[in-house]
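Here's a quick briefing to read with the structure open beside you. Have a look first, then work through the points below.

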Amino acid sequence: MSYKVKLNIFEGPFDLLVYLIENAEMSIYDIRVSEITAQYIRHIELMKEQDVMVGAEFLVLAATLIELKSKMLLPRIKVDGEIEEDPRAELAQRLIEYTRFKKRAAALEEQLGYAMTKFAKPKEDLTPYTGEADEYLRMDMGEFIEAFKAFIYKKQKSEELKAMHHRVERERMSVAAKKKTIRQLFRKAKNRFISFRDLLLPDSDRYDKVITFVSLLEMIKAGLAGARQSGNFKEIEVEVKRNGHDDEKNNQISV
Amino acid sequence: MTTKKTIKSAFESMMFVWGEPLDVKIAADAMGVAKPEALEYFKELQMEYDEQERGIRIREINGKFQFVTDESNFDYIRSVCTPVRERRLTQAALEVLAIVAYKQPVTKSEIDSIRGVKSDRVLDGLTRKGLVEERGRSAAIGRPVLYGTTEIFLTNFDLKTIKDLPAIEDIEDAIQFEEEKTVVEIRQTSLNLEQ
């Protein structure tokens with residue numbers, strides 16, 4: 001059984017104001033502004049005392065009411081004898097609009113109550129007849145257990161593999177290690193220039209290409225290598241330097 | 001051979017299996033008859049069930065037809081079934097739904113302005129329940145989203161079309177009357193001032 005608590009909380013500032021006006025038996029078109037404003041503000045204070053969150057919109061309406069109260073004190077006849085519109089008219093219009101929809105909400109609720117006295121059935125599941133039926137396997141208990149074991153084994157293997165995979169990720173080659181391999185390659189090099197491609201791993205991926213490039217740049221900066229390229233997107237030729245200080249003049253990077 | 005009788009019989013069976021409101025077009029296509037003809041048969045079926053005061057009736061929702069139980073049997077159904085989950089809505093949800101239903105298509109800011117309070121969350125809730133949906137965008141500045149009610153709304157509230165929303169004209173009349181009276185009063189006060 002569900003347990004519900006219904007509190008007399010107002011849905012918004014208009015809800016509260018309409019309640020106060022109705023309670024005071026006033027006409028919406030002839031609000032006694034001073035009286036209602038006092039009541040309205042008292043109610044907001046009460047809400048604050050009860051620790052009810054008072055939304056900003058409640059305060060906006062309070063401000064509107066106070067403004068209205070001051071306007072009501074001023075004469076409404078202009079110099080040329082024309083009568084200005086009742087300052088309460090706009091508020092009255094909005095309250096009427098609000099009450100109109102409040103009544104409609106009540107009417108809808110009643111309609112919903114009526115609709116709930118009728119029952120309909122959910123749609124039937126016709127998949128067994130549409131050719132897309134579930135697949136049924138004929139197997140005895142032993143086979144089923146074997147199949148389940150195989151499934152669990154596969155699952156475990158893939159979990160292990162995943163764990164391994166993570167470790168490999170973390171142990172990927174660092175710039176320092178890459179520099180070391182490049183130096184080793186330099187030592188074995190027969191020509192003065194070798195292709196950048198020769199520095200890459202046989203199954204080089206993006207990570208390897210980037211780390212190789214960064215390592216090479218660091219080595220060039222330290223004077224441990226040189227590089228040249230005859231044009232955009234052309235082969236990068238790496239100049240082999242076996243130690244840090246030979247041929248310092250030729251250490252040029254052409255882009 | 002398809003006679004009127006067999007077609008109507010087929011429609012009954014289809015409605016039974018379909019459960020939800022069955023589109024006349026789908027039913028008509030299945031039987032190879034024209035839509036107006038199918039519609040006529042559905043209406044005939046509906047009338048037959050009503051005339052015979054059956055425990056199951058046919059209701060029309062948005063040009064679709066559905067079997068439902070007769071509302072006068074509600075208490076008996078309730079006594080044999082486990083309590084059905086109530087589809088009650090909160091007061092705020094009903095207010096927003098009323099504004100959307102009677103004023104559609106309507107923007108969020110129009111709803112906020114009528115209620116004097118932000119309605120975003122309530123509107124989201126109603127959208128999630130499938131009662132309210134987006135209906136394109138308004139041509140106004142910022143091209144705000146327009147909202148309208150759905151077929152689920154019509155079904156849940158047992159409304160044939162959106163025109164069948166409960167009317168509240170009597171209330172408007174009362175307001176109008178009050179309005180006239182007040183105008184007179186205001187004139188009188190201003191006359192007094194002039195004197």
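E25(A) sits in the loop that links α1 (13-23) to α2 (33-49) of chain A. Bear in mind that this is a predicted model, with an ipTM of 0.78 and a pTM of 0.62.

- The phi of E25(A) is near 55°, which is positive even though the residue isn't glycine. E25(A) counts as exposed because it has 6 C-beta neighbours inside 10 Å, and the cut-off for exposed is 12 or fewer.
- F233(A) is another non-glycine residue with a positive phi, near 65°. You'll find F233(A) in the loop between β2 and β3 of chain A. With 6 C-beta neighbours inside 10 Å, F233(A) counts as exposed.
- Over in chain B, the peptide bond between Q104(B) and P105(B) is cis, with omega at about -5°. P105(B) belongs to the loop between α5 and β4 of chain B.
- For context, most residues other than glycine have a negative phi, and most peptide bonds are trans.

**Chain A: overall make-up and sheet**

- Chain A has seven helices and three strands, and their order along the sequence is α-α-α-α-α-α-β-α-β-β.
- Of its 255 residues, 17% count as buried. Take the contacts in chain A between residues at least 6 apart in sequence: 54% of them join residues at least 24 apart.
- The three strands of chain A make an open, antiparallel sheet in the order β1-β3-β2. At the edges are β1 (193-195) and β2 (225-229) of chain A, each pairing on one side only. From one strand to the next, the twist averages 35°.
- Helix α7 (residues 206-221) of chain A packs on this sheet and touches β2 and β3 of chain A. The direction of α7 makes about 115° with that of β2(A).
- β1(A) and β3 (residues 236-240) of chain A run antiparallel and are joined by three bridges. I194(A) has V238(A) as its bridge partner in β3(A).

**Chain B: two sets of paired strands**

- Chain B also has an open sheet of three strands, in the order β1-β3-β2 and with antiparallel pairing. Its edge strands are β1 (22-23) and β2 (56-61) of chain B, which each pair on one side only.
- Two bridges connect β1(B) with β3(B), and the strands run antiparallel. D23(B) stands opposite K64(B) in β3(B).
- Which helix packs on this sheet, touching β2 and β3 of chain B? That's α3 (residues 35-51) of chain B, whose direction makes about 140° with that of β2(B).
- Further along, β4 (residues 106-107) and β6 (residues 145-149) of chain B pair in the antiparallel sense over two bridges. T107(B) stands opposite L146(B) in β6(B).
- β6(B) also pairs with β5 (residues 132-137) of chain B, in the antiparallel sense and over four bridges. Here E133(B) has G148(B) as its bridge partner in β6(B).

**Nonpolar cores**

- The largest nonpolar core has 43 residues, and V96(B) and L97(B) have the most contacts inside it. α5(B) gives the most to this core, with nine residues.
- Leaving out residues up to four places away in sequence, V96(B) touches I111(B), S119(B), V122(B), L123(B) and L126(B).
- A second, separate core has 13 residues, among them A28(B), Y41(B), F42(B) and F67(B).

**Where the chains meet**

- How many residues of chain B are in contact with chain A? There are 39, and they contact 39 residues of chain A.
- On the chain B side, the elements giving two or more residues are α1 (4-18), β3 (64-69), α4 (74-80), α5 (91-103), α6 (108-115) and α9 (169-194).
- That side of chain B divides into 22 nonpolar, eight polar and nine charged residues.

**Confidence in chain B**

- Chain B averages a pLDDT of 84, and 83% of its residues score at least 70.
- Residues 183-195 of chain B have a pLDDT below 50. Beyond near neighbours in sequence, this stretch has seven contacts in the model.

Terms used. Residues are numbered from 1 along each chain as its sequence is written. Chains are lettered from A and ligands numbered from 1 in the order in which they are written. This is a predicted model: local features need pLDDT of at least 70, side-chain atom pairs count only at pLDDT 80 or more; totals for chains, interfaces and linings use all residues. Two residues are in contact if their C-beta atoms, placed from the backbone, lie within 7 Å. Ala, Val, Leu, Ile, Met, Phe, Trp, Tyr, Cys and Pro count as nonpolar, Asp, Glu, Lys and Arg as charged, and the others, Gly among them, as polar. Two strands pair if DSSP finds at least two bridges between them. Axes are lines fitted to C-alpha atoms, for helices over the stretch in contact, and angles run from 0 to 180 degrees between N-to-C directions. A nonpolar core is a set of buried Ala, Val, Leu, Ile, Met, Phe, Trp, Tyr and Cys residues joined through C-beta atoms within 7 Å. A residue is buried if 20 or more other C-beta atoms lie within 10 Å of its own, exposed if 12 or fewer, and partly exposed in between; C-beta atoms are placed from the backbone. pLDDT is the predictor's confidence in each residue, from 0 to 100.
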